[in-house]
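Colleague: I have a model open and want to learn how to read it. Can we take it feature by feature?

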Amino acid sequence: MKPAPFDYAVPRTIAEAVEALGDTGRKAQVLAGGQSLILEMHLQRVRPDLVVDINHIPELDGMRVEGDELRVGALVRHAAFEPATAVPGPLGTLLSKTVVNIAHPPIRSRGTMAGSFGWAHPASEWCAIGVALDATVEVTGPDGARALPAGDYFLGPHRTTRRPQELITAVRLPLLGENTGVSFIEHRRTHFTFAQVAVAAALTVHDGVIADARIGLVNSADRPIRARAAEDSLIGTETGPLPAGPRLPGEHPFARAGRIAATQDAAPLDQPYADAEYKRQAIAVLVGRTLLEAAADQRARLTAREGYHR
Amino acid sequence: MVTYPYRGAGRPEAAIAIERTMDLLARRLGMDPIELRRRNFIPPDAFPYETPTGRRYDSGNYAAALDLALDTLGYEKWRAERDRRRQDPDALPLGIGVSCYVERSGGETGGLHEFGSLTVHEDGTVTARCGAAPSGQSHETVFPALVAKVLGIEEARVRLIEGDTGEQPEGLGSFASRSAQVAGAMFQHAATLLIDEARARAARLWSVPADQVEWVDGTVVHGSASTGLGDLVRATGPFRVEDRYEAGMAFPFGAHVAVTEVDPELGTVRILQLVAVDDCGVVLDPDVVHGQAFGSAVQGIGQALYEGMAFDDDGVPHLPGGFLDYLLPTFAEIPPIDIKDTCTPGPGTPPGAKGAGESGCIGTPAAIVNAVADALRIADPDLLQMPLTPDSVWRAARASRHEEGAR
Amino acid sequence: MKITLDVNGTRHALDVEPRRLLADVLRDDLKLTGTHLGCQHGICGACTVLMDGKAIRSCLVLAVQCDGSSVRTVEGLAGPDGEPHALQRAFSAERALQCGFCTPGFLMVAAGALEADPGLADDPEAVESVVGSNICRCTGYEPIRRAIVCAARAQRDTTA
């Protein structure tokens, strides 16, 4: 199938884009990378009356550090996060470790991080990281700009608190400190499909004790979620000697956190080849393994820093 | 729904049933599955062999293919590693699976022929026409080379035309692994017709008996007189030979061995090594045959692990995302693969070639499934149904293990 | 909508409906049928072309999005005298195609990577990510990987 007819607008400023989106009589879609949108338009599961192409708005491009946050403009492509040094500190490591799981280079050269937040797919890697790290989604609409906390931004599959007339202008992610270790593990059937389950983790450790834990779950509910109960179970825990992995002893705190995430935090939906029972198993295993890698990453950073100071 | 030719169609189902049964039988007998196969191979001197189901197997040396596969794999080394891991509760279980397949190539009686012609031009070049049409079998490379070799001329002087009903009145196609076996044999036959016709024409030209005219590398020779093909056409007029050639049915075979590692917590299967030994008789072009065998083995991996269609209660296939739901193997899924061959010539045609190119889809899936069953020591073979998706393997891994020699 | 497309160095003034895909405009309007349309879901990659030097799926980009951009298709790979591109020679030598349907897409994703990264020959992971961008049903990918490495080495050795 091919896309159904639509009108096409190419605004040059955010104001022009917001004006185009403001016509409530027509169902409008914002086109940034378009790698999900145009596929759905092919299948005519999405049939907009108006497509607003924001690719020619220079003020939406570029990312930069502002204070203790990374501000990612709406036109920054996935591929921008591939070098681990593109973003400072552990956040850069996390984003570069994650981005390789998003499709493949030709998709990553078009698709955008902000677009993922707009599309709000339950299996989106970026969205789970956003929820876990308390990101902020910046939108601008007819009534001005709003900053939406990612934590309560997602309402369900493809549903968010963004109003249809609002344009996402940027996503802001908090930078992570040097005492934080990160990891991202994705479980999928082949390289060319969505995650059955994936987990993002950031562990902040002071003197061998977990001070903060962030766990984002991909495709583990009808929206990207944060595993708060699992996180709570880790606070104050000593990381201790790390098992060689990947399999963890059942009594290890990371394995326990995995089970908590699977039973208390996740609300997985049945899918072909991954029913809810299997997904819970995969969540439990992946959370444990991702935490183990994050702890190892934190320890490696510590060792590198101590070596540097010595 | 669009349908399209697929490598190995029809044979993988038989191969998986037979090869899974062999492994199950071996377990019930408490016997090494390789030893059980060896004891039951049809010996090389029993060919041609009439099977109870009415087939006449043309030629084979099944043990030679299995030996080469196990040698290439380093079977003893992997077996030691498998046994070591069985004692180590932290290690991921590893299994070795074997599949010794026999397939039928060329087609069924009534479909074993191909039509073709060779036309000689005044510039000494030859146009070969054939009723088969390629979909990636390298006819353009292999057939001109074969004709040129028989005629003793450079390959560049032979051009192939296929797949055009304006050029060729009749033809069957490329299926049943029949390209080299049937169309190849047809071209070898046509080239000998061309040589006979050239000698007859030269004999008339020179008024000598045809049996005194020799064919030497594209030239007809009688004593000190010699004429090239182009001159012969100019002297004797349009020159074309054609025939409808009937080949014999053939039975290629081989042994595929897979080593897999299973993550029982997630159910993921990782292929650590795959060896595919095929015997398709005389190989006309090793690069082409090995390229087909490699691609076919990867397609077999797809069958074994990824390619499946789920249906809802109303029988509607669940494919809302197309290739996001029906998963083909990508480069990231390709393990180390060794492609080798043994050569047991096919007696059905002068070139001795049997069918090639579909073996991976036939032999590889059963080797992989047997390897996963070996890794998990699964008592109930029905628990493993292709594709071996992580969820199904995870469930199988939780089921009870078989006991050696248990009935 | 009136747009200007630079395709393989030739400027085309076109009037296209916004709903039309770059792939369809290349194939139907410009008769550049070397770009193959396979799944039309952005998965298989047969339709991959270069847009301003970057490999993209031409089935997931609207033609109107390319207004003013330069597009390179498989027809633009060979030299002006018809001399095959290093990648085309390598694909032939390594038998990196069987049925050939996926070949234009693999050639273009590799061409984009090769032009962006002269050191591709010495970066196996980057090559793997290129080969892992598209689907091939026939070859099992290994000959494609070899061909890309060969072409990358040839480029490195001629520019060194």
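Colleague: How many helices and strands does chain A have?

Modeller: Helices (H or I, at least four residues) and strands (E, at least two) are DSSP runs, numbered from the N terminus. Chain A has nine helices and 14 strands. This is a predicted model: local features need pLDDT of at least 70, side-chain atom pairs count only at pLDDT 80 or more, and totals for chains, interfaces and linings use all residues. Residues are numbered from 1 along each chain as its sequence is written, while chains are lettered from A and ligands numbered from 1 in the order in which they are written.

Colleague: What radius of gyration does chain A have?

Modeller: The radius is taken over C-alpha atoms, and the globule rule is 2.2 Å times the number of residues to the power 0.38. For 310 residues, a compact globule would have a value near 19 Å; chain A has 20 Å, which agrees. Its C-alpha atoms fill a box of roughly 60 × 45 × 35 Å along the principal axes.

Colleague: What share of chain A is buried?

Modeller: A residue is buried if 20 or more other C-beta atoms, placed from the backbone, lie within 10 Å of its own. In chain A, 55% of the 310 residues are buried.

Colleague: How many residues does each chain give to the contact between A and C?

Modeller: Two residues are in contact if their C-beta atoms, placed from the backbone, lie within 7 Å. Chain A gives 22 residues and chain C gives 24 residues. On the chain A side, α2 (37-42), β3 (50-53) and α4 (105-108) each give two or more.

Notes:
A residue is buried if 20 or more other C-beta atoms lie within 10 Å of its own, exposed if 12 or fewer, and partly exposed in between; C-beta atoms are placed from the backbone.
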